[in-house]
Amino acid sequence: MEKEYLEKDLPEFLVHSIEQMNKTWELYEKTGKLPTHWDLDFSDLNSDINVAEVEDMISSEQAWYLREKYLKMSRRDLHD
């Protein structure tokens, strides 16, 4: 099922973090190595998703969609 609608009307700070994480993943795909700033970009995006969710700027469904898509996380991984 397509869920791109969950990326509509995101706060600007979250859009920026997503864009940065995308650039980081692109570097990884090109080189096969994680860039030295990967952990910073990952943490920034994770934090921004959490802030947006807690502040009711996005729904929990949106938050998990973004975590799964851009951080490659899953709820199952957190419970195993």
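This is a predicted model: local features need pLDDT of at least 70, side-chain atom pairs count only at pLDDT 80 or more; totals for chains, interfaces and linings use all residues.
Residues are numbered from 1 along each chain as its sequence is written. Local features need pLDDT of at least 70 and side-chain atom pairs count only at pLDDT 80 or more, while totals for chains, interfaces and linings use all residues; side-chain values use heavy atoms, with hydrogens and water left out.

**View 1. Lys69 pairs up with Glu7.** Side chains of opposite charge can pair when their charged atoms come close. Here the closest N and O atoms of Lys69 and Glu7 are 2.7 Å apart, which makes a salt bridge (a side-chain nitrogen of Lys or Arg within 4 Å of a carboxyl oxygen of Asp or Glu). This pair links distant parts of the chain, 62 residues apart: Lys69 sits in helix H3 (residues 60–70), and Glu7 in the segment before H1. Helices are DSSP runs of H or I, at least four residues, numbered from the N terminus.

**View 2. Glu53 meets Arg67.** A search of the whole structure turns up 2 salt bridges, and one of them joins Glu53 to Arg67, again with a closest N to O distance of 2.7 Å. Glu53 is in helix H2 (residues 38–54) and Arg67 in helix H3, so the pair ties together parts 14 residues apart in sequence. Buried or partly exposed: which is Arg67? At 5% relative accessibility, Arg67 counts as buried, while Glu53, at 22%, counts as partly exposed (buried means under 20% relative accessible area, exposed over 50%, partly exposed in between, with a 1.4 Å probe and protein chains only).

**View 3. Phe13 sits in helix H1 (residues 12–31).** At 31% relative accessibility, Phe13 counts as partly exposed.

Terms used: Helices (H or I, at least four residues) and strands (E, at least two) are DSSP runs, numbered from the N terminus.
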